[in-house]
Amino acid sequence: MSTEALAGLDEERVDHRFKGLPPDADGLTVGELAAQRRNLFTGGFTTPVLALSAERLEHNLRLMETYTERHGLAFAPHGKTSMAPRLFQRQLDHGAWGITLALPHQVRVAREFGVRRIFLANEVVDPAALRWFAAELAADPSFRLVCYVDSVRGVELMDAALRGAARPLDVVVELAAGEGARTGARTEADCAAVADAVAAAPTLRLAGVAGYEGEVPEADPDRVRAYLRRLVELAAGFDRAGRFQGLEEIVVSAGGSAWFDAVADVFAGIPSLSSPVLKLLRSGAYVSHDDGRYRQVTPFNRVPGEGALESAFRLWAQVVSRPSAGQAFANAGKRDAAYDLDLPVAQVVRRDGVERPATGVTVTGLSDQHTWLETAPDADVRVGDWIGLGLSHPCTSFDKWSLIPVAEADGTVVEYVRTFF
């Protein structure tokens, strides 16, 4: 990545655009504020404020680096989770092959910060975006972009937009996870037709196959593994047919955040092909993990001997109303907290520098700017208390905050993560 572009993030001025940051920091650069090492609880931060745990973030990065190495997987974590170049850099520093993205705009962000390998897990048929891809590939011989294709029509549109490109665009055929699933060619015959169309398109090069097992209908271990075996056999069949002739490596890619153990198991059995196989895992939510959906579905629940991810997010809000013994309200709402999968969870209450479990406090709803709290008779909650909330769904959490403090266990803020959504 570009050290100059990353350094430029420290030169951005702190101002009204960034919620939760200390008002008296206005005018400082992000780097200057980080150098002050303010405390999240006593350094002037205002609620609501989302924070990342420095220790847990590092733990998660190390754990997935170790896991992918142990299982012989290349790793392109999905960057749409955070859209944070600083985190992209840390993922790459921890051994990632590259970064997965979903949209042309996300590719533009990654390229602005010098990401050299991008796996685009979507078919792109926008001519303007495709022409920009071609220009990037022409300008930088070290840049590698791999993109999905899942239809003959899509291939035709891509080829038309890329005519005259200096380098062909590498593409992988996406195999759908089943009828009624999301994208992807539905059958092996459909995949072959797409591959034939790629072979006839001078602007494209078939680089492998890919899919997303998280879309398997009524997913369970047997169904997920059956789909992944289909994906592996698709690659092997394409290879027997000579479709990968001349490639330095053949890409076989899958892997969200719920079934990467199945991906590791099935990909371990990929047979020898005509070229080395890049077994590319794309899980992204691990970087922060969460206290909801991903805590429930992480494969580490099934393979506890491999380690455990830790939730690195906590949203701090303040109790601003206690209208009755059974109810309280905090000043964070839908604009601040992810709520598309699960409501936040009340974890701790902080008062006068003392933190304790949020016993008897339950989040029952969110308004735009309020958290609805149900309080049991034994709940010790007062107006003015800070309440720490655990969140579900990292992707939605990141995209509500454009500058996120990273705090050590004692509250010392050591850096700030800039997001680009």
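In what order do the strands of the open sheet run, and is the pairing parallel or antiparallel? There are eight strands, ordered β2-β9-β8-β7-β6-β5-β4-β3, and the pairing is parallel. Keep in mind that this is a predicted model, where local features need pLDDT of at least 70, side-chain atom pairs count only at pLDDT 80 or more, and totals for chains, interfaces and linings use all residues. Residues are numbered from 1 along each chain as its sequence is written, and side-chain values use heavy atoms, with hydrogens and water left out.

**The open sheet**

- β2 (74–75) and β3 (99–101) sit at the edges with a single partner strand each, so one side of each has no neighbour in the sheet.
- Helices (H or I, at least four residues) and strands (E, at least two) are DSSP runs numbered from the N terminus, and two strands pair if DSSP finds at least two bridges between them.
- β3 and β4 run parallel and are joined by three bridges.
- Across from L101 you'll find L120 in β4.
- In a regular strand, side chains alternate between the two faces of the sheet.

**A hairpin**

- Strands β17 (residues 403–407) and β18 (residues 413–418) pair in the antiparallel sense, over five bridges.
- L403 has R418 of β18 as its bridge partner.
- Five residues lie between the two strands of this hairpin, and G411 takes a positive phi near 95° there.

**Helix pairs**

- Helix α5 (residues 104–112) and helix α6 (residues 127–139) have axes that come within 10 Å and cross at roughly 25°. Axes here are lines fitted to C-alpha atoms, for helices over the stretch in contact, with angles from 0 to 180 degrees between N-to-C directions.
- α5 and α6 are therefore roughly parallel to each other (angles under 35 degrees count as roughly parallel, over 145 as roughly antiparallel, 65 to 115 as roughly perpendicular and the rest as oblique).
- α5 passes α6 in a left-handed crossing, meaning the near helix is turned anticlockwise from the far one by less than a right angle; clockwise would be right-handed.
- For helix α9 (residues 221–240) and helix α10 (residues 260–267), the axes come within 10 Å and cross at roughly 45°. That makes α9 oblique to α10.
- α9 and α10 make a right-handed crossing.

**The two largest pockets**

- The largest pocket has a volume of about 900 Å³. Of its 39 lining residues, K80, R182, Y212, G256 and Y294 are the closest to the centre.
- On a 1 Å grid over the protein atoms alone, a pocket is an open set of points with protein on both sides within 12 Å along at least five of seven lines, where a cavity would be a set in which a 1.4 Å probe fits but cannot get out; lining residues have an atom within 4 Å of a point.
- Grid points are joined across faces, edges and corners, and a volume is the space filled by probe spheres set on the points.
- α11 gives the largest share of the lining of the largest pocket, three residues.
- That lining has 18 nonpolar, 12 polar and nine charged residues (Ala, Val, Leu, Ile, Met, Phe, Trp, Tyr, Cys and Pro count as nonpolar, Asp, Glu, Lys and Arg as charged, and the others, Gly among them, as polar).
- The second largest pocket has a volume of about 360 Å³, and S53, R314, W316, E408 and A409 lie nearest its centre among 21 lining residues.
- β1 (49–53), α3 (54–70), β10 (313–324) and β12 (345–351) each supply at least two residues of the second pocket's lining.
- By class, the lining of the second largest pocket has nine nonpolar, four polar and eight charged residues.

- P48 is in the loop between α2 (30–35) and β1, and the peptide bond from T47 to P48 is cis, with omega near -5°.
- R37 lies in the loop between α2 and β1 too; its phi is near 50°, a positive value in a residue other than glycine.
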